[in-house]
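Hi,

Here is the structure I promised to pass on. Have a look, and then read on for what turned up in it.

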Amino acid sequence: EEHNMEKSLAFGDTESDQDILDAVDFPICINPNPVLRKYAEEKEWPMFYLNGTPSLEEIPGYVSDKLK
C-alpha cells in the first residue's frame, strides 16, 4: 500500500532514520548522532538539541508553520 507523504513529518536521531526522513516533506533531527548530523547538514534539515523528552512545543514554530 502506498502512502501519501505530503505534509508528513518524521523525527530521527540516527542514520537508520535516513530513509524515512528522506521520504517526508518535513524531516526533523532531534539530538542527531554524528553520522545523521553530517547528512542533515548536507540536506539542510533542521536539527534540534533537547534535554529530556522532546515535545512539539519545544520546537518553536517549525512544525506548526510547516503544517498550515
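First, a word on terms: helices (H or I, at least four residues) and strands (E, at least two) are DSSP runs, numbered from the N terminus. On that basis there are 3 helices and 3 strands in the protein, and from the N terminus on they run β-α-β-α-β-α.

Please keep in mind that this is a predicted model, where local features need pLDDT of at least 70, side-chain atom pairs count only at pLDDT 80 or more, and totals for chains, interfaces and linings use all residues. Residues are numbered from 1 along each chain as its sequence is written, and side-chain values use heavy atoms, with hydrogens and water left out.

The sheet: its 3 strands form an open sheet in the order 1-2-3, with parallel pairing (two strands pair if DSSP finds at least two bridges between them). Strand 1 (9-12) and strand 3 (47-48) are the edge strands, each pairing on one side only. Between strand 1 and strand 2 (residues 26-30) there are 4 bridges in the parallel sense, and Ala 10 stands opposite Pro 27 in strand 2.

The largest nonpolar core has 8 residues, among them Ala 10, Leu 21, Tyr 39 and Trp 45. Such a core is a set of buried Ala, Val, Leu, Ile, Met, Phe, Trp, Tyr and Cys residues joined through side-chain atoms within 4.5 Å. Helix 2 (residues 34-43) gives the most to this core, with 3 residues.

Trp 45 is buried, at 12% relative accessibility.

Finally, the search found 1 salt bridge (a side-chain nitrogen of Lys or Arg within 4 Å of a carboxyl oxygen of Asp or Glu). Asp 22 and Lys 43 form it, with the closest N and O atoms 3.4 Å apart. The pair links distant parts of the chain, Asp 22 in helix 1 (residues 18-23) and Lys 43 in helix 2, 21 residues apart. Asp 22 is partly exposed at 35% relative accessibility, and Lys 43 is partly exposed at 39%.

Cheers

Notes: Buried < 20%, exposed > 50% of the residue type's maximum accessible area, 1.4 Å probe, protein only.
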